[in-house]
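Dear colleague,

I am handing over the structure below, and after it you will find an account of what turned up when I went through it.

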Amino acid sequence: MKHFVAPLCLVGLFLIAMTQCTVPASEFQLDGDYLIGGLFDIHQVSTPLHQNRPQALSCSSEPFLLANYRRFQLMRFSIEEINNSTSLLPNVSLGYEMFDYCSNTQNFPGILKLISVNDMIQPWAEQPKNLSKVIGVVGPFTSTQTLTVAPLFMADFIPLVSYGGSASVFSNKIEYPSFLRTVYPNKNTIDVIVNIILHFNWRWVAFLNSDNDFGIDGLELFIKRIKDTKICLAYNKGLNSNTNHSQIFQQIEGNNVKIIVVFAPKTYAEAVIESAIKLNVNQKVWIADDGWSLNKKLQNMEEIKRIGTVLGVSQPVITIPGFNEYIYSIKSWAPSGNAEPQTFCNQVCNCSDLSADYITAPDPSFSFPVYSAVYAIAHALHNTLKCGAGKCDNITVHPHMVLKELKKSSFTLLNQTVHFDKNGDPKFGSFSIVFWNQSGGAEEIGFYHFYPSVKFYINATKVQWYSDGEVPTALCSPECQGGHVKKQTGVHKCCFNCEICPSNTYVNSTENPFKCINCMDTEWSTAGSTSCSLRLVEYIPFTDTGAIVIMVGTCVLVGLSLAVSVLFAINYNTPVVRSAGGPMCFLILICLGVCSFSVFFYFGQPTPVSCVLRYFPFILFYTVCLACFVVRSFQIVCIFKMAAKIPKFHSWWMKYHGQWLLIAGAFVTQAVFLISIFYDPPRPYNETSWYPEQTVLFCGLNLGAACALILPLLLCCLCFIFSYMGKDLPKNYNEAKAITFCLLLLIFTWIIFVTVFMLYRGKNIQTFNGLAVLSSLYSFLLWYFLPKCYIIIFQPHKNTQQYFQGLIQNYTKTISQ
């Protein structure tokens with residue numbers, strides 16, 4: 001039983017309205033083979049209605065809207081023009097049944113009349129015996145009106161072609177399957193408004209929207225559209241009939257906003273502009289949507305010039321041929337009274353006293369959308385009836401059949417190709433960009449084409465700005481100078497402080513003006529830079545003079561080591577060679593030669609391999625050299641000072657070849673340590689902290705590799721201790737003094753290098769390092785081996801067994817006394 005209560009209530013309301021409304025039909029009805037419904041808010045309920053019981057609404061007693069009455073007449077003209085044509089619908093007449101849709105909540109009798117058959121609404125469960133002649137409906141105008149009535153037409157797939165409903169929700173074909181429109185959706189209007197703002201580089205904007213479905217949808221689209229732009233919504237307020245305009249403008253002034261977008265129907269926009277004039281609001285740029293951008297009432301106000309500059313988005317003014325003549329013709333014979341028969345509620349205007357000049361005077365906005373909506377339905381009916389060759393098929397037409405053809409519409413009307421996309425939105429036409437000039441007219445200064453491709457153009461030279469010809473600025477904070485980054489203050493990204501970017505950073509204002517970007521390791525910059533410069537890459541090439549000298553010195557060292565080895569091999573059994581170490585001399589010379597090859601890797605561009613070969617071979621084999629000299633120093637002291645005092649230790653040392661065990665142990669220990677740190681070896685390193693404009697390439701010595709120097713340092717200390725203990729040995733046999741002197745040179749060399757390394761920054765540190773390594777090798781070769789070579793070659797008499805035994809005997813007698 002519950003399921004029948006609502007339909008009964010609607011039918012009851014429908015019958016009450018029929019018995020209570022007795023107004024003349026006049027211009028609202030025209031008989032025809034097929035009918036097109038029309039919904040026009042010729043009058044508008046200005047205040048909310050408060051009633052204690054249901055009753056019909058008489059729209060003619062509400063405030064009159066001239067522009068909408070003009071559109072109402074345009075639909076009548078369109079249908080009569082189609083009926084007078086012999087090509088579009090031959091032998092088929094179109095009629096209309098239109099209603100004054102002045103209220104969103106109290107105009108349902110008219111809607112029910114359109115979807116009824118013989119004043120009855122047939123349930124879906126029954127097979128309809130008769131069909132309504134209404135094949136489509138034009139209107140209504142506003143988005144809120146459309147949201148109210150659209151579901152009633154969607155149920156039966158009756159085409160509803162709106163000439164003003166621009167809310168985004170209507171593009172949803174799941175909820176509104178039979179809805180189409182000949183006016184662009186709000187998304188397109190917002191796109192044009194945002195492009196105007198971006199074109200003039202305005203950032204700080206207020207958005208005033210009507211507090212209804214149209215305005216709220218526009219606000220949401222605007223916020224979404226500016227999200228990834230430099231535009232900030234400084235202020236927003238919804239407008240209604242009770243809006244306190246004074247408070248709005250106080251808040252706008254408090255936020256220092258110069259750009260005001262008014263996205264609202266004409267009545268709300270008029271109230272805002274009139275209040276701005278009354279409150280002496282000036283020096284603003286107003287941006288109008290297509291609902292009021294051509295408002296002649298506001299344009300002709302003398303005080304309009306005081307509020308600032310008005311720009312707007314409008315539909316192109318397309319003259320409808322013959323329409324003005326039609327208005328003059330119908331007004332020439334219109335009756336002065338209401339003598340026509342009375343039929344149905346809200347089909348009366350009481351407009352017989354309006355002159356033709358008065359009707360044609362309003363702005364022509366939405367004229368072509370009305371005209372094209374009527375023609376779209378007519379062309380769809382033409383295709384449904386398969387009209388051609390002066391006749392149409394005599395078939396039963398259902399609204400859904402017309403809807404199917406309507407979605408495929410493609411015809412030319414006043415040089416416009418009318419067709420719709422899959423969402424029922426228009427794929428034709430464009431927007432004009434207008435400026436309210438000093439003559440009280442809307443002058444076209446640009447355009448925005450959507451199809452077939454987007455084209456945007458503004459001729460800013462035509463705009464007469466309130467600021468003496470200069471484009472006004474709209475910023476919360478002035479733009480930062482080059483090289484300065486924005487530090488946001490508050491919630492708006494347009495409000496910020498400017499801070500200079502430090503050295504080795506830069507700011508890219510195009511990509512991200514809020515962040516200082518670090519330069520790459522190969523780049524540098526000074527403080528306050530907008531880009532980075534490439535660093536000059538510095539390293540010691542092989543062609544460098546210092547490098548050539550050191551490499552030649554290295555080759556000489558290798559040659560000398562080889563020569564000494566040959567000389568010692570020839571004189572192997574002589575006392576000088578044996579006292580120098582015998583076979584151990586060859587090991588030392590080989591290690592010196594191998595170490596010398598590390599010098600070559602200090603030059604050229606560092607690579608991972610060169611960094612390893614720069615340090616590891618030198619550290620490993622120089623450790624062996626030091627171990628050999630430790631053994632030599634120890635043996636000298638042991639032979640001359642410990643043999644008699646500690647005979648057991650001396651015999652053990654000689655029996656088990658302690659010298660070779662110590663050397664091997666040092667070699668193995670250092671080798672194991674170097675292998676263990678080989679997983680994190682020295683690597684090429686770009687030193688960028690020394691000079692801002694340079695990158696010095698060298699090999700970074702990590703902590704593990706640095707620890708490998710501990711064993712050579714320890715051996716050097718032991719060697720120095722042992723050799724110093726033997727400083728009082730015989731003069732001609734005092735190898736300990738030679739070793740001590742070599743170690744002093746070695747220590748002195750590396751002290752100088754460390755000092756230079758700490759005080760000097762630059763690529764030549766590699767040259768100093770290579771020189772220190774070469775000097776370390778020469779210290780042993782020159783001061784330990786060359787004196788012995790001199791004795792072998794130039795003083796052979798001292799290279800005899802008798803001579804050495806005499807030195808030893810004299811020293812033994814001396815220490816025994």
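The lining of the second largest cavity divides by class into five nonpolar, three polar and no charged residues, where Ala, Val, Leu, Ile, Met, Phe, Trp, Tyr, Cys and Pro count as nonpolar, Asp, Glu, Lys and Arg as charged, and the others, Gly among them, as polar. Those lining residues are Leu 39, Phe 99, Tyr 101, Asn 107, Gly 110, Ile 111, Cys 345 and Asn 346, and the space in this cavity comes to about 40 Å³. A cavity here is a set of points, on a 1 Å grid over the protein atoms alone, where a 1.4 Å probe fits but cannot get out, and lining residues have an atom within 4 Å of a point. Grid points are joined across faces, edges and corners, and a volume is the space filled by probe spheres set on the points.

Please bear in mind that this is a predicted model, in which local features need pLDDT of at least 70 and side-chain atom pairs count only at pLDDT 80 or more, while totals for chains, interfaces and linings use all residues. Residues are numbered from 1 along each chain as its sequence is written, and side-chain values use heavy atoms, with hydrogens and water left out.

Axes are lines fitted to C-alpha atoms, for helices over the stretch in contact, and angles run from 0 to 180 degrees between N-to-C directions. The residues of α2 that meet α12 include Arg 70, Leu 74 and Phe 77, and among their partners in α12 are Val 370, Tyr 371 and Val 374, contact meaning heavy atoms within 4.5 Å. By class, this contact of α2 with α12 has 10 nonpolar, two polar and three charged residues.

Ile 111, one of the residues lining the second largest cavity, is also one of the α3 residues that meet α4, together with Phe 108, Leu 114 and Ile 115, while α4 contributes Thr 148, Val 149, Leu 152 and Phe 153. This contact of α3 with α4 divides into seven nonpolar, one polar and no charged residues. The axes of α3 (residues 108–115) and α4 (residues 143–154) come within 11 Å and cross at roughly 20 degrees.

Two peptide bonds also deserve a look. The bond from Gly 139 to Pro 140 is cis, with omega near -10 degrees, and Pro 140 lies in the loop between β4 (134–138) and α4. The bond from Tyr 451 to Pro 452 is likewise cis, with omega near 0 degrees, and Pro 452 is placed in the loop between β15 (442–449) and β16 (455–458).

Methods:
Helices (H or I, at least four residues) and strands (E, at least two) are DSSP runs, numbered from the N terminus. On a 1 Å grid over the protein atoms alone, a cavity is a set of points where a 1.4 Å probe fits but cannot get out, and a pocket is an open set with protein on both sides within 12 Å along at least five of seven lines; lining residues have an atom within 4 Å of a point.
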